[in-house]
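These are my notebook entries on a structure that I looked up contact by contact.

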Amino acid sequence: QVHLVESGGGLVQTGGSLRLSCAASGIVVSRTYMGWYRQAPEKARELVATIGNSGTFTSDSVKGRFTISIDNTKNTVFLQMNNLKPEDTATYYCYAQLGRVYWGRGTQVTVSS
């Protein structure tokens, strides 16, 4: 059974940094297409970053500020978020695509101005 557990969210000031973690069980993250979405209140869900065999992707809205990576020893996917802005405030969800899509429960990120 696949489980994804996000952590690392919190409240940070504009310009600050956070590192989100997505600890996976039931899959091997280095062999799985994975990524992060975010959803702010009353806004559509937005793809933030992905990582897989073909490399990484980051959306234009976070390019140059966010980095997705994998720690194979921890079977964990990270999202390093630097230079955070108020518009980055959202719930961030980790997902894994392996035949079907698996989701974590999300972690809240709030950036104060």
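Entry 1. I began with the side chains of Thr91 and Gln108, which a polar contact of 2.8 Å joins. I counted as a polar contact a pair of N or O atoms within 3.5 Å; within protein, one must be able to donate a hydrogen and the other to accept it, and residues adjacent in sequence count only if both atoms are side-chain atoms. I note that the model is predicted: local features need pLDDT of at least 70, side-chain atom pairs count only at pLDDT 80 or more, and totals for chains, interfaces and linings use all residues. Residues are numbered from 1 along each chain as its sequence is written, and side-chain values use heavy atoms, with hydrogens and water left out.

Entry 2. I then placed Thr91 in strand S9. Helices (H or I, at least four residues) and strands (E, at least two) are DSSP runs, numbered from the N terminus. Is Thr91 buried or exposed? Its relative accessible area is 18%, so Thr91 is buried; the classes are buried under 20%, exposed over 50% and partly exposed in between (1.4 Å probe, protein chains only). Leaving aside neighbours within four places in sequence, I found Thr91 in contact (heavy atoms within 4.5 Å) with Tyr37, Arg38, Gln39, Gly106, Thr107 and Gln108.

Entry 3. I looked next for aromatic pairs, of which the structure holds three. Rings of Phe, Tyr and Trp (its six-membered ring) pair if their centres lie within 6.5 Å; planes under 30 degrees apart count as stacked, over 60 as edge-to-face and the rest as tilted. Tyr37 and Tyr95 have ring centres 5.3 Å apart and planes at 55°, so I recorded a tilted pair. This pair links distant parts of the chain, with Tyr37 in strand S4 (residues 33–39) and Tyr95 in strand S9 (residues 90–98), 58 residues apart. Tyr37 counts as buried at 18% relative accessibility, and Tyr95 is buried at 5%. Tyr37 also forms a tilted pair with Trp103, at 5.4 Å centre to centre and 55° between the planes. Trp103 lies in strand S10 (residues 100–103), 66 residues from Tyr37, and is partly exposed at 37%.

Entry 4. I checked for charges over rings, which requires NZ of Lys or CZ of Arg within 6 Å of the ring centre and within 35 degrees of the ring normal. The charged end of Arg19 sits over the ring of Phe78, 4.0 Å from its centre. Arg100 lies over the face of Tyr102, at 4.1 Å from the ring centre.

Entry 5. I followed Phe78 into strand S8, where it stands opposite Ser69. Strands S7 (residues 66–71) and S8 (residues 76–81) pair in the antiparallel sense over six bridges; pairing needs at least two DSSP bridges. Their hairpin has four residues between the strands, and Asn75 takes a positive phi near 50°.
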